[in-house]
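Biologist: Hi! Could you walk me through this structure?

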Amino acid sequence: MQSWRQLPEMKPFVEMTPLETDEGPSTPHSCSTFNNLTVLQHLFNTSPVGDTLEIGLAFGASATLLCKLHALRGDNTRHHAIDPYQISQWKSAALKHLLSCELSERLVWHEKPSFAAMAGLVQAEARFSLIYIDGSHLFEHVMSDFMLADLLTEPGAVLAFDDSSCDHVAKVVCFIRQNFKEEYAEESPYAITAPSAAWWKGPLARALGKQQLTIFRKLRASKRAWGTPLTNF
Ligand SMILES: C[S@@+](CC[C@H](N)C(=O)[O-])C[C@H]1O[C@@H](n2cnc3c(N)ncnc32)[C@H](O)[C@@H]1O
């Protein structure tokens, strides 16, 4: 499989050329890093076959990649993206780009805050093989994204947290590391982006609190009794 950088649909995100929006052309920003996109491509290929989900659509860098990967796989799976601000703030940039790339049919867009959209998906008993958490970075929102993502996945699925060097996100990541040891195994993004240096890059980035992306693979269903003691984090 070719690298995502070679995909024509990803060209605006590689070259940072303007995308069409409701208010004219606009240069993409706030996109996932190149390393994140490389890791997402790898995770897509190593996760169970199924729909994927992301919180935070913005200009659509990660959504374009994931929609394209679904299309290349050629089955009937789709990518769900949650973002209440796609029209008001992002002027439909991602929706327009996906339409121009003929990828719209691979996207299910939820125009709601993540807590509301994900609660609806839980109620509908939806399941996802890969969930990319890249929406609001407030602690309480990321925590709610994690709690609901846990309900939307089966063993083998992956949760990936962007900006895990941000204090709010880092706190949630620490909570998971300390309190969900039986349920989730952490995987190193550096094993994918820098395999020969992963042995030192991972521990160093983690010790310095500089790890951009944190990945957890689900090992088993979470069955925590209400009285489970909290391990400090
Ligand atoms: C960093 S950007 C996402 C970048 C995108 N994943 C990409 O690679 O192009 C964060 C996005 O989260 C969205 N967002 C903010 N609060 C949100 C919430 N409560 N629920 C869902 N999305 C939210 C913002 O509108 C913004 O589009």
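Predicted model: local features only at pLDDT ≥ 70, side-chain atom pairs only at ≥ 80, totals over all residues.

Biologist: Great, how much space lies in the largest pocket?

Modeller: About 420 Å³. The lining has 25 residues, and the closest to the pocket's centre are G56, D83, D134, G135 and S136.

Biologist: Which helices each supply at least two residues of that lining?

Modeller: Helix 3 (61–73) and helix 5 (114–123) each do.

Biologist: And what's the lining like by class?

Modeller: For the largest pocket, it has twelve nonpolar, ten polar and three charged residues.

Biologist: OK, what volume does the second largest pocket have?

Modeller: That one comes to about 290 Å³. It is lined by 16 residues, with M147, D150, L151, F180 and S222 the closest to its centre.

Biologist: Which helix gives the most to that lining?

Modeller: Helix 6, residues 139–151, with six residues. By class, the lining of the second largest pocket has seven nonpolar, three polar and six charged residues.

Biologist: Switching to the outside now. Which residues form the nonpolar patch on the surface?

Modeller: W199, W200, L204 and L208. Together they have about 500 Å² of accessible area.

Biologist: Where is the place of L208?

Modeller: L208 sits in the loop between helix 9 (198–207) and strand 7 (214–218).

Biologist: Is L208 buried or exposed, and why?

Modeller: L208 counts as exposed because its relative accessible area is 54%, and the cut-off for exposed is over 50%.

How values were computed:
Residues numbered from 1 in each chain as written. Heavy atoms only, no water. Patch = residues over 30% accessible without salt bridge, like charges linked within 9 Å, V, L, I, M, F, W, Y side chains within 5 Å. Areas by Shrake-Rupley, 256 points an atom, 1.4 Å probe, with all protein chains shown as cover. Salt bridge = Lys/Arg side-chain N within 4 Å of Asp/Glu carboxyl O. Helix = DSSP H or I, 4+ residues; strand = E, 2+ residues; numbered from the N terminus. Buried < 20%, exposed > 50% of the residue type's maximum accessible area, 1.4 Å probe, protein only. 1 Å grid on protein atoms, 1.4 Å probe; cavity = no way out; pocket = protein on both sides within 12 Å on 5 of 7 lines; lining within 4 Å. Points joined across faces, edges and corners; volume = space filled by probe spheres on them. Nonpolar A, V, L, I, M, F, W, Y, C, P; charged D, E, K, R; others polar.
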